[in-house]
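Take a look at the model before reading on.

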Amino acid sequence: LEELRLSGNNVTDLNRVTRVTRELSRLRSLDVSRNFLKEIPPHAFDGHRTLTSLFLDRNEIEHIGSRSLSDLSNLHTLDLHDNFISSHGLMKPDEG
């Protein structure tokens, strides 16, 4: 499986999604847009090195946890539009 679209599925817990997708060694694109995610937890995407596209747009994300995106070394597209992220919700370097 190289592409997974979970858009519009009332997803509220990103960790539940990433625990499953972490096992998909060929996954290139993950779409979790139009759900009810409120945060990107710390280390949420650890082990997702093959992802090149990640769509988290149109959720209710207010907070991006420390190192939540740090393992995405091949990421080319990250879509976070239409969320509630402010400077207070951005990760702090000493979090973890």
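## A threonine in a helix

In which helix does T21 lie? T21 belongs to helix α1, which covers residues 14-21. The model is predicted.

Is T21 buried or exposed? T21 is buried, because its relative accessible area is 2%, and buried means under 20%. Beyond its neighbours within four places in sequence, T21 is in contact with L4, L27, L30 and H48. With H48 there is also a polar contact, side chain to side chain, at 2.7 Å. F45 is 24 residues from T21 in sequence, yet the C-alpha atoms of the two are 9.1 Å apart.

## Salt bridges

Side chains of opposite charge can pair when their charged atoms come close. How many salt bridges does a search of the whole structure find? The search finds five.

One of them joins the side chains of R5 and E3, at 2.6 Å from N to O. R5 is exposed, at 61% relative accessible area. E3 is partly exposed, at 40%.

## Bridges between loops

K38 and E60 form another salt bridge, at 2.5 Å from N to O. This pair links distant parts of the chain, 22 residues apart. K38 sits in the loop between β2 and β3, and E60 in the loop between β4 and β5. K38 is partly exposed, at 49%. E60 is also partly exposed, at 22%.

R49 and D71 form a salt bridge too, with their closest N and O atoms 3.2 Å apart. R49 lies in the loop between β3 and β4 and D71 in the loop between β5 and β6, so the pair ties together parts 22 residues apart in sequence. R49 is partly exposed, at 49%, whereas D71 is buried, at 15%.

How values were computed
Residues numbered from 1 in each chain as written. Predicted model: local features only at pLDDT ≥ 70, side-chain atom pairs only at ≥ 80, totals over all residues. Heavy atoms only, no water. Helix = DSSP H or I, 4+ residues; strand = E, 2+ residues; numbered from the N terminus. Buried < 20%, exposed > 50% of the residue type's maximum accessible area, 1.4 Å probe, protein only. Contact = heavy atoms within 4.5 Å. Polar contact = N/O pair within 3.5 Å; in protein donor to acceptor, adjacent residues only side chain to side chain. Salt bridge = Lys/Arg side-chain N within 4 Å of Asp/Glu carboxyl O.
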